[in-house]
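Open the model in your viewer and follow the stops below in order.

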Amino acid sequence: MPLLDVSDNLLDPDFIQMLTVTRPTQTVDSQGMTQITETSQSFYGAPVPLTSQELIRNPNAELLAGGIRVYTRFVLDSGSPNTSADIVTFGGKRYTVVSVDDWSNFGAGYVAADCAVISLQDKVDAGDSE
């Protein structure tokens, strides 16, 4: 086990900032129709670029590459067969959580979540991300 405990840095305002997570929840009504409700809440984390954001043009489609990695103690969900992945809002862009890695060797409850940009076209209110 590493001797470095970075969990104190995850509470230091020099390293973290306020982010927003939107958690979609699916329910099935009495007629068998799926209803999706979204709840949003703020959390603290340290977002860093995962890759540069670029547009890849293929003959059949345009793909958007790029994303962020969020270091946090907040429990993020990358989805499962019964749940949708969380959506993190940062810097006016929305990112879907692709994977969540347990980094508790470096501090209790510490995770690193890789998030892929949803679209550069989706701009949200700046107040939602900071």
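Start with a surface over the whole protein chain: its accessible surface is about 8100 Å², and 52% of that belongs to carbon and sulfur atoms. Areas come from the Shrake-Rupley method with a 1.4 Å probe, and for residues only the protein chains shown count as cover. This is a predicted model, in which local features need pLDDT of at least 70 and side-chain atom pairs count only at pLDDT 80 or more, while totals for chains, interfaces and linings use all residues. Residues are numbered from 1 along each chain as its sequence is written, and side-chain values use heavy atoms, with hydrogens and water left out.

Switch to cartoon. The protein chain has six strands and zero helices, in the order β-β-β-β-β-β from the N terminus. Strands (E, at least two residues) and helices (H or I, at least four) are DSSP runs, numbered from the N terminus.

Colour by burial next. Of the 130 residues in the protein chain, 31% are buried, meaning under 20% relative accessible area (1.4 Å probe, protein chains only).

Now select F43, V70, L76, V88 and C115. These have the most contacts inside the largest nonpolar core, which has 13 residues. Such a core is a set of buried Ala, Val, Leu, Ile, Met, Phe, Trp, Tyr and Cys residues joined through side-chain atoms within 4.5 Å. β1 (17-28), β3 (62-72), β5 (93-102) and β6 (111-117) each supply at least two of its residues; β6 gives the most, three.

Finally, select A46, Y71, Y110 and A112, which are among the five residues of a second, separate core.

How values were computed
Buried < 20%, exposed > 50% of the residue type's maximum accessible area, 1.4 Å probe, protein only.
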